[in-house]
Amino acid sequence: MSFRRRLLLVMLSVVMLAQLVTAGATLNTLQRDVQDKASHDLVVGLDVMQQLLIERGARLRHNVSILANDFGFKSAVATQDTPTLQSVLANHGDRAGADLVFLAAPDGQLLASSHHVPGIPLPYPELWEHARDSGESVQVAIEAGRPYQVVLLPVRAPGLIGWVGMGFLLGDALAGEIGDLIGLEASVFALGEAGATPFIASPLPPAQQARLGTLETALADGRYLELSAYDAQGDYLTRARLLHEGQGGRVYAIAQQSRDALMAVYTELRWQLLAIFAAALTLTALIAALSARRMARPLTTLADAARRIGRGERLATRPVADSGEVGLLADTLMVMQQDIDRREQTLLFQSRHDQLTGLGNRHSAQQDIGDLIATSRPFTLLRLSVNGFRAINDTFGYDIGDQALRTLAERLDAVPPPRMGSYRLSGDEFLLILDTPAADARTIADLHHRLAVPMDMQGSPIRLTLAIGEVRHPQHGDSAALLLRRGEIALDMARQARRPHQCYAEGLDERHLRQLTLVRDLQGAAQNGELTLVYQPQLEMRSGHLVSVEALMRWRHPELGFIPPDEFIILAERSGLIQGMTAWMLETVCAQLAAWEAEGMPLAVAVNLSAQDINDPGLPGRIADCLARQGLSSAHLRLEITESAIMQDPEHASEQLTRLRETGLRIAVDDFGTGYSSLAQLKRLPVQELKIDKSFILRLAESPDDEIIVRSTIELAHNLGLEVVAEGVETPASRVLLEALGCDLLQGYLFSRPLPPDELLTWARTRRSCPTGAAP
């Protein structure tokens with residue numbers, strides 16, 4: 001929306017708001033005053049209506065009194081001449097204008113009546129009770145659902161010989177007469193007993209007559225008795241007053257006033273205010289339009305200039321000649337144009353360059369590679385990564401690490417041709433583009449030599465070693481994304497194999513995709529029932545008794561079939577999934593131990609832990625919970641930790657193993673002899689077993705060197721008070737030699753392959769009959 005339109009809208013909105021507030025307050029006050037006056041008129045009208053009924057009752061009493069004092073009427077009552085009584089009652093009722101007449105004995109039994117059968121009790125108990133107490137009564141009563149003003153007087157001659165009464169219908173004529181007198185629409189409403197049809201004495205507004213049911217409900221709920229309100233459908237202000245409530249129902253006096261009549265003045269004033277509002281709005285619109293046009297013209301020019309600057313055009317001169325605030329805005333616009341030019345240059349550079357090193361970033365590398373591919377010329381990409389860069393940050397700090405990266409970037413940028421470009425992709429990963437179909441051995445060696453020169457970092461020499469992944473265009477791909485991905489695969493292979501250089505080869509993509517698939521599916525393998533455990537027996541050397549088993553995890557992928565443990569365990573450790581798998585394994589092992597114990601075969605199970613498990617401070621608590629849930633003691637569970645896991649952080653590993661040992665768990669060092677642990681570290685570790693790696697056991701009978709290593713390991717372990725387990729025992733000769741060397745426990749295919757739980761139970765029971773033999 002333009003400034004001129006906004007200015008016009010604001011001015012009109014202010015005027016409209018002021019007018020609306022004023023008009024609203026005026027109309028609201030007037031409406032409230034009109035309603036208050038109408039409500040007061042209704043109350044006064046009901047008071048007058050009630051007073052008129054009282055005066056009318058006095059006149060009616062006078063008429064009935066004349067009849068009660070008539071000598072002939074008294075004689076007829078005394079003789080109980082029924083025909084005479086009926087005639088006298090009818091004549092006097094007609095002269096008095098009564099709608100019903102009746103005569104009752106002193107005890108209240110009807111002697112004659114225009115509407116009732118003689119011989120029954122007087123049908124107006126409230127009237128009768130009041131007359132007996134007061135000597136006479138003038139009240140409103142209901143007869144056959146219709147309201148009457150009834151007068152009941154005693155007949156004396158001189159003692160009480162009867163009661164004479166007359167009733168006068170509170171009908172249309174009376175309601176009309178009262179309405180004319182009070183200047184309102186008056187009516188009498190009789191609400192009989194449940195199920196009876198209500199009676200309404202006109203004049204009632206037509207809309208109200210059509211809604212007797214609604215009026216009946218409102219009166220039954222007590223509405224219209226205290227507060228006046230407009231009827232939502234009839235547009236009448238209504239108020240009622242209870243005239244009678246008794247056995248026959250209730251009678252109300254109703255006063256109403258039309259909303260239209262009340263609001264005539266209000267409506268007229270509303271139209272006047274609307275006319276004034278329209279005139280003021282029109283005048284304001286004209287003035288605002290002229291003012292906005294004059295004020296908005298230079299702003300429109302400036303807005304057009306700003307749009308041109310936004311499109312990249314340059315303004316040679318000031319867009320407007322005005323002074324003051326508009327001129328200041330024009331000068332500011334020219335300064336902004338210069339600032340935008342400088343900022344765009346800065347942003348363009350930052351969007352294509354790494355902030356730490358100043359080299360091109362990943363986005364720049366992708367663009368440059370794409371441009372080279374478009375020329376169809378061959379080139380080579382070298383993707384580089386610093387080996388052990390995290391250790392530099394941990395040892396020297398991030399400032400030294402950043403300085404090392406900057407120095408490395410300077411060296412990469414100084415590499416002579418055929419280098420075409422150097423980039424930092426992320427973290428400690430860099431990229432070189434070489435203008436050559438392939439990087440020969442001399443180029444790779446020269447690159448390593450240049451980059452491996454020690455760096456002096458605040459007096460500390462740091463020598464970086466690099467892994468390089470090579471990928472070639474067009475041999476290895478025809479898109480920037482594909483070449484970068486395959487370069488990453490080649491780099492990853494170089495790091496895994498601890499090589500300084502690896503060129504991409506066909507098939508590495510498939511291996512990489514297989515690893516990605518396995519890592520993805522490994523997350524739900526346990527929940528999907530794809531993981532299972534098998535158990536390999538561990539036998540006591542001298543007795544041949546089964547004393548424990550080692551739990552080994554197996555994975556059968558639904559599409560790829562059996563996955564070797566060496567493959568998926570490494571992937572689980574790299575992806576951070578190993579702790580979840582260990583938790584599943586502990587739960588499964590504890591449940592299986594409880595099942596075996598119920599079968600009468602108590603065993604201990606050895607479970608392998610990874611380096612990540614050792615670093616988990618919550619591991620001891622989870623193991624204790626698993627054992628407690630199955631009602632097992634810590635003697636049922638043994639933990640095996642590799643030397644490499646211990647050596648990642650010997651101090652922390654020793655503390656964690658001590659916590660585990662304090663819970664009563666037995667701890668073994670697995671694959672002993674293949675790691676880097678020293679005797680001093682081994683002495684400090686709270687372990688009870690050493691497991692000699694199977695690589696020393698498989699050729700034990702044929703290799704004197706292996707025999708020397710095994711002999712020394714067993715002697716060392718026994719001197720330290722440790723038991724020794726030999727795994728990989730597959731020949732009787734190896735078994736005999738291990739027995740001679742004093743090994744404590746044996747494990748291998750000579751006795752049994754790893755078995756499922758049910759097969760292990762059968763194997764163990766069969767084994768009892770031949771404890772010294774091989775596996776059946």
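Reader: How far is the sulfur of Cys 590 from the closest cysteine sulfur?
Author: This is a predicted model. The closest cysteine sulfur belongs to Cys 626. A disulfide needs the two sulfur atoms within 2.5 Å. The gap here is too far for a bond, at 5.0 Å.

Reader: How many disulfides does a search of the whole structure find?
Author: The Cys 590 sulfur is too far from that of Cys 626 for a bond. The search covers the whole structure. Its count of disulfides is 0.

Reader: Is Cys 590 buried or exposed?
Author: Buried means under 20% relative accessible area. Cys 590 has 1% relative accessibility. Cys 590 therefore counts as buried.

Reader: Which residue stands opposite Cys 503 of β17?
Author: Cys 503 is itself buried, at 17% relative accessibility. Its strand, β17, runs parallel to β16 (residues 466–473), and 3 bridges join the two. The residue opposite Cys 503 is Glu 470.

Reader: Which residue meets Glu 470 in a salt bridge?
Author: The contact is between side chains, with an N to O distance of 2.8 Å. Both residues of the pair are buried. The partner of Glu 470 is Arg 472.

Reader: How far apart in sequence are the parts tied together by Arg 383 and Glu 429?
Author: The two residues form a salt bridge, with the closest N and O atoms 2.9 Å apart. Arg 383 lies in strand β11 (residues 379–386), and Glu 429 lies in strand β13 (residues 429–434). The pair therefore ties together parts separated in sequence by 46 residues.

Reader: What are the relative accessible areas of Arg 383 and Glu 429?
Author: Arg 383 is buried. Glu 429 is buried too. The values are 4% for Arg 383 and 10% for Glu 429.

Reader: Is Arg 495 buried or partly exposed?
Author: Arg 495 also meets Glu 429 in a salt bridge, at 3.6 Å from N to O. Arg 495 lies in helix α15 and Glu 429 in strand β13, so this pair ties together parts that are 66 residues apart in sequence. With a relative accessible area of 31%, Arg 495 is partly exposed.

Reader: Which residues touch the most other members of the largest nonpolar core?
Author: This core has 76 residues. Helix α18 (residues 578–598) gives the most to it, with 8 residues. Trp 596 has contacts beyond four places in sequence that include Tyr 535, Met 601 and Leu 761. The residues touching the most other members are Val 589 and Trp 596.

Reader: How many residues are in the second, separate core?
Author: Its members include Leu 412, Leu 434, Ala 439 and Ile 444. The second core has 26 residues.

Reader: Which strands stand at the edges of the open sheet with antiparallel pairing?
Author: That sheet has 5 strands in the order β2-β1-β5-β4-β3. Each edge strand has a single partner, so one side is left without a neighbour in the sheet. The edges are β2 (110–113) and β3 (137–143).

Reader: What is the bridge partner of Ala 141 in β4?
Author: β3 and β4 (residues 146–156) run antiparallel, joined by 7 bridges. The partner of Ala 141 is Tyr 148.

Reader: Which strands does helix α4 touch?
Author: Helix α4 (residues 125–134) packs on the sheet. Its direction makes about 170 degrees with that of β3. The strands touched are β3, β4 and β5.

Terms used
Residues numbered from 1 in each chain as written. Predicted model: local features only at pLDDT ≥ 70, side-chain atom pairs only at ≥ 80, totals over all residues. Heavy atoms only, no water. Pairing = 2+ DSSP bridges. Helix = DSSP H or I, 4+ residues; strand = E, 2+ residues; numbered from the N terminus. Contact = heavy atoms within 4.5 Å. Axes fitted to C-alpha atoms, helices over the stretch in contact; angles between N-to-C directions. Core = buried A, V, L, I, M, F, W, Y, C linked by side-chain atoms within 4.5 Å. Buried < 20%, exposed > 50% of the residue type's maximum accessible area, 1.4 Å probe, protein only. Salt bridge = Lys/Arg side-chain N within 4 Å of Asp/Glu carboxyl O.
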